[in-house]
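Dear colleague,

Please find below the structure that I am handing over to you. A summary of the findings follows it.

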Amino acid sequence: MAAAPPTPITKPRNTKKHSLRELKTLGNQLLSSRTHINNLPLLLTYISPNFPPQHVLESLLSLHSFFSPLLPDLPSSSRRPTHNKDNDEPDTDVIYKTWLRSKFDEFVISLIDVAVSPKSEDALKEVVLDTLMEFIRTGNGGRFNSAIYHRFLVHIVQSTESLDFVLELLASKYFKYIDIRYFTYINIGKFAKNLEAKDFSDGKTERGDKVGDSDSRESMELSICKIHYIISNIPPLEDPKQDSDYELWGGSGFSVKKGESKGPSHHLKTEDKDLKSEKHDNDSLSAGNYAKKMKLKFTKAWISFLRLPLPIDVYKEVLSNLHQAVIPHLSNPIMLCDFLTRSYDIGGVVSVMALSGLFILMTKHGLEYPNFYEKLYVLLLPSIFMAKHRAKFFQLLDSCLKSPLLPAYLAAAFAKKLSRLALVVPPSGALVIIALIHNLLRRHPSINCLVHQEDNNDTTDNNSESESGDNNIESGVGTNIAARKAGTDHFDNEESNPLKSRALGSSLWEIDSLRHHYCPPVSRFVQSLENDLTVRAKTTEVNVEDFSSGSYATIFGEEIRRRVKQVPVAFYKVIPSCLFSEPDMTGWTFKEEEERKGKKSENAHHPSFDHTDPPLPPRSLPILLSRFVRFVQLGPIFVHVPCR
């Protein structure tokens, strides 16, 4: 029978602060003999963010060296001391190991407190993290200790601090191991379900303390941001068809108990349980079985996370990366249909960002969304041409309108809506609109009637009615067209339903106005629509991607790089005294106010207009704007001075 160890004390009172040399001496005594076991609780008291980093580090090194060789022999935390066979008294050696296990648990909790404390330095946090991950590797009888890892992630998520440094270290150093990824997905699914239940209970119970509600909401948003950082920084799993060499942090696979499987293994079908447990520690995992289990955990973690009340910044970031980082790795991507359709119905920028994922589900996974084009039509607003993700939106818009099965009224509505927007958007937006309308007219010959349509041409309108079928009765296209007033556009720009917009009864007159656009690239590019786009053999589609990311800067840069054969020069015999001449200002009168008092060689002409005069004709406004811009952009002015 082993000799009885000295009676351990639970927690001594640290009446005095030990120096760094004294702590080193206490650690050496603890490692040298069991008689100095009472130094263990004393060293544990220094594992705290309230002590200097040097003291914490010295105590940490001593305790790590003490517990590392003892971990395989320590009982589990929930195990009770067993009694000796000879008498009813518990075995003293078991009591001693149980006490050591409790102290090891205290040591782990203290390390976690140091890691998540804002008082700790970054260098100390890195050492503490490495120590915790080392215990996670060997803390369960030489296998992966999921309990310590779960406790560590719980403290990270529930902490009121941001912990960016700890999360970056965890992602960069340890997320490359597949067992850490596996248990991270499991824990994230649990955290998300707990936060969802907490949010439901908080919303169900009405509380009068508004300050407490705001604090609870801020704490939940911080936890959601941490979960999003963790789950979005886990590397995606490789293709399961390719046999890859997966690297395990635990080194011996997953911990499997009798009657319980925590991880994938192809040795679990053997009938001999003893032989199975012996082989499990030495054999490796198969890539196919592991990839299957990992994909299920990945799917559960993401679906649980997307059910949370995401903050708006996290919401947008998730939507921007969902189609690339999440959908290809889900076991069943259709499970995202509720989240994406709900996001698509919100409107605005959120709908634009949800369009990518929704388009993938519709084209590759057979999702049916009846009101997809109606929602897409509503998104066509002037603000979309200044949005951050407009480039991807225009590319998806072009892809959505590519189907030859698109009804004529729907293609005409999109073409007419885009042409109306060309009057108010920046020049870069006008270039995208011209490219989209070019592709629409080429793909759908049935809407080429919009290029030139007259009110007195009943035949054209009747053909449009027959193509659109019975739906034109609702849209009002075939209601007494001959009785309409000449020069009136019958397109309803405020209508949100493309079926009722009466686009087939209108024409693309807005495109003709772009021929006189003040921006030269727009006026040049619009000439491509003058070709007969119904002849597909002689025309090609325009790549919308070349224009979707345009801006004033890109247009200016292209104009600067453009080689010009002839440079325009302004030549005046007389220095101009006004911006516009009288023929350009039809319907306006000017009065010259001459101020010559005190001035001998200067004549100032201040034109002032009479507000009672008739307004400027609408068709003169584009001409005036064009001349104004050309006047500003003119080069050096040469004035002809006759020789005397």
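**Surface patches and salt bridges**

Val-127 lies in helix H5, which spans residues 122–138 (helices are DSSP runs of H or I with at least four residues, numbered from the N terminus). Please note that this is a predicted model, in which local features need pLDDT of at least 70 and side-chain atom pairs count only at pLDDT 80 or more, while totals for chains, interfaces and linings use all residues. Residues are numbered from 1 along each chain as its sequence is written, and side-chain values use heavy atoms, with hydrogens and water left out.

With a relative accessibility of 31%, Val-127 is partly exposed (buried means under 20% relative accessible area, exposed over 50%, and partly exposed in between, with a 1.4 Å probe and protein chains only). Together with Leu-57 and Leu-61, Val-127 makes a nonpolar surface patch of about 210 Å². Patches consist of residues with over 30% relative accessible area and no salt bridge; like charges are joined within 9 Å, and nonpolar side chains (Val, Leu, Ile, Met, Phe, Trp, Tyr) within 5 Å. Accessible areas come from the Shrake-Rupley method with a 1.4 Å probe, and for residues only the protein chains shown count as cover.

A patch of negative charge on the surface gathers Asp-215, Glu-218, Glu-221, Asp-313 and Glu-317. Two or more residues of this patch come from each of H9 and helix H12 (312–325), and H9 gives the most, with three residues. In this count Asp and Glu are negative, Lys and Arg are positive, and His and the chain ends are left out; the place of a charge is NZ of Lys, CZ of Arg, CG of Asp or CD of Glu.

The whole structure contains 16 salt bridges (a side-chain nitrogen of Lys or Arg within 4 Å of a carboxyl oxygen of Asp or Glu). One of them joins Arg-443 to Glu-541, with the closest N and O atoms 2.9 Å apart. Arg-443 lies in helix H18 (residues 427–443) and Glu-541 in the loop between helix H22 (520–525) and helix H23 (545–548), so the pair ties together parts that are 98 residues apart in sequence. Arg-443 is buried at 10% relative accessibility, whereas Glu-541 is partly exposed at 35%.

Glu-559 forms a salt bridge with Arg-524, the closest N and O atoms lying 2.8 Å apart. This pair links Glu-559 in helix H24 (residues 552–561) with Arg-524 in helix H22, 35 residues apart.

Yours sincerely
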